[in-house]
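Have a look at the model, then read on.

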Amino acid sequence: MDKPYSQTLLLTGGVLLGITATLTAQKLLSPSSTPDPRRRRRSSFFIAPQPTEDIRNGLEECIGNTPLIRIKSLSDLTGCEILGKAEFLEPGGSVKDRVALQLIRSAESAGLLSPHSGDKIYEGTVGSTGVSLAILCRARGYLAHICMPSDQSIEKSSLLQKLGAEVSLVPPAPIVDTNQFVNRARALARQHTASPEIPGRGYFADQFENDQNWRAHYESTGPEIFRQCGERLDAFVAGAGTGGTISGCARYLKPRLPGLKVVLADPPGSGLYNRVKFGVMFNLKEREGTRRRQQVDTIVEGIGINRVTHNFEAGRELVDDAVQVSDEEAMAMARFLVEKDGMFVGSSSAVNCVAAVRTAIKMGPGHRVVTILCDSGARHLSKFWAQAGNVGGGWEMTLDDVLEADKRKTGMNSVPAEKTDDALEFGV
């Protein structure tokens with residue numbers, strides 16, 4: 001018969017087993033002092049990133065940083081990269097948001113405007129700057145009074161009224177006329193400030209001559225293009241109304257890219273083409289009895305002018321070349337961009353794209369050309385797009401249809417002569 005174990009031996013064994021179990025559990029549950037590097041790398045993939053907020057403080061902080069879009073059809077057909085800065089995606093729908101915000105902020109800094117005091121901003125504009133000002137005035141506690149030519153597309157004045165702006169439509173007139181839309185806005189601002197019966201002050205934004213116009217693009221549009229292009233571009237193409245966009249961008253980009261070509265895109269009737277090419281502000285359609293209308297002889301809105309402005313002169317010496325674009329070419333390009341890329345742009349954007357294509361062809365394949373897509377076609381329905389017509393009709397456009405639109409008349413709301421037989425097959 002075996003000798004029974006003593007109580008002391010059993011107690012000692014139990015204690016040892018308990019200590020061993022405890023140490024084993026701690027080893028399994030605690031990190032190793034010399035962890036396997038492979039295990040550490042694997043576990044790091046499962047660390048959740050800390051959430052970050054991306055909240056804009058009001059509409060003003062949504063302005064800028066618009067995408068730079070490769071226009072596929074134009075790029076593929078020219079062998080160059082043709083890129084469009086999508087300013088039609090701004091909160092106010094156009095490149096003028098940048099200018100309007102800069103004008104207001106600079107006036108506030110100078111003590112010329114005080115929010116919620118009854119101060120009112122007056123401006124003479126063909127539409128887009130007025131829309132941007134109307135939106136930002138409401139966002140920052142001001143009122144807006146916009147003077148514009150009566151021959152602009154009706155959707156612009158209607159939109160301004162929906163945004164709460166006062167609108168004065170004046171007959172198109174040269175700048176020497178005291179009732180010209182810019183002069184009218186200046187006079188109304190002075191009357192407001194001088195009147196003790198009107199609350200607040202009147203502030204004339206003066207986008208054509210105010211230094212803050214080109215500075216808005218020097219401080220935002222130019223740097224964005226430079227960064228988005230990876231500091232590599234060969235040509236910058238833009239139209240000019242006030243001249244702020246082309247001057248501000250040129251002043252920023254040229255010193256950083258000495259080989260950059262800056263090209264003006266100019267519509268019919270404007271004198272800026274000759275200003276760049278020959279140093280003289282003149283257009284043949286300025287001759288007595290040859291103009292259809294008093295301001296600029298074109299259906300294109302937003303660019304083209306027949307007087308020298310401070311903002312254009314601020315960068316004129318940096319402009320290397322100019323391209324004239326006809327109404328027919330602009331309408332054809334607008335149709336082409338819808339048909340090939342689904343891009344519905346306004347008249348000034350179409351002019352810019354025609355000039356960008358001609359610049360790309362002149363430079364040759366392999367170059368990068370950047371232009372501005374100023375606003376959407378939605379603001380040009382009753383005038384520019386009414387003449388350009390609907391896209392489709394049983395025939396597909398080619399780039400030659402755009403570049404030879406003056407001869408083929410492919411920009412207008414009609415089927416070109418050489419396409420008639422094909423179009424008839426589709427019942428057009």
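## Cysteines

The disulfide count here is 0, taking a disulfide as a pair of cysteine sulfur atoms within 2.5 Å. C147 is buried, at a relative accessible area of 0%, and C249 is buried too, at 0%. Buried means under 20% relative accessible area, with over 50% being exposed and anything in between partly exposed (1.4 Å probe, protein chains only).

This is a predicted model, where local features need pLDDT of at least 70, side-chain atom pairs count only at pLDDT 80 or more, and totals for chains, interfaces and linings use all residues. Residues are numbered from 1 along each chain as its sequence is written, and side-chain values use heavy atoms, with hydrogens and water left out.

## Around V262

V262 sits in strand β8, residues 261-266 (strands are DSSP runs of E, at least two residues, and helices are runs of H or I, at least four, numbered from the N terminus). V262 counts as buried because its relative accessibility is 0%.

Skipping residues up to four places away in sequence, V262 has contacts (heavy atoms within 4.5 Å) with F236, I246, A250, K254, L318, V319, D320 and D321. V237 is 25 residues from V262 in sequence, yet their C-alpha atoms are 6.0 Å apart.

## Nonpolar cores

A nonpolar core is a set of buried Ala, Val, Leu, Ile, Met, Phe, Trp, Tyr and Cys residues joined through side-chain atoms within 4.5 Å. The largest one has 40 residues, and I71, L74, M333, L337, F384 and V402 touch the most other members. Helix α13 gives the most to this core, with 8 residues.
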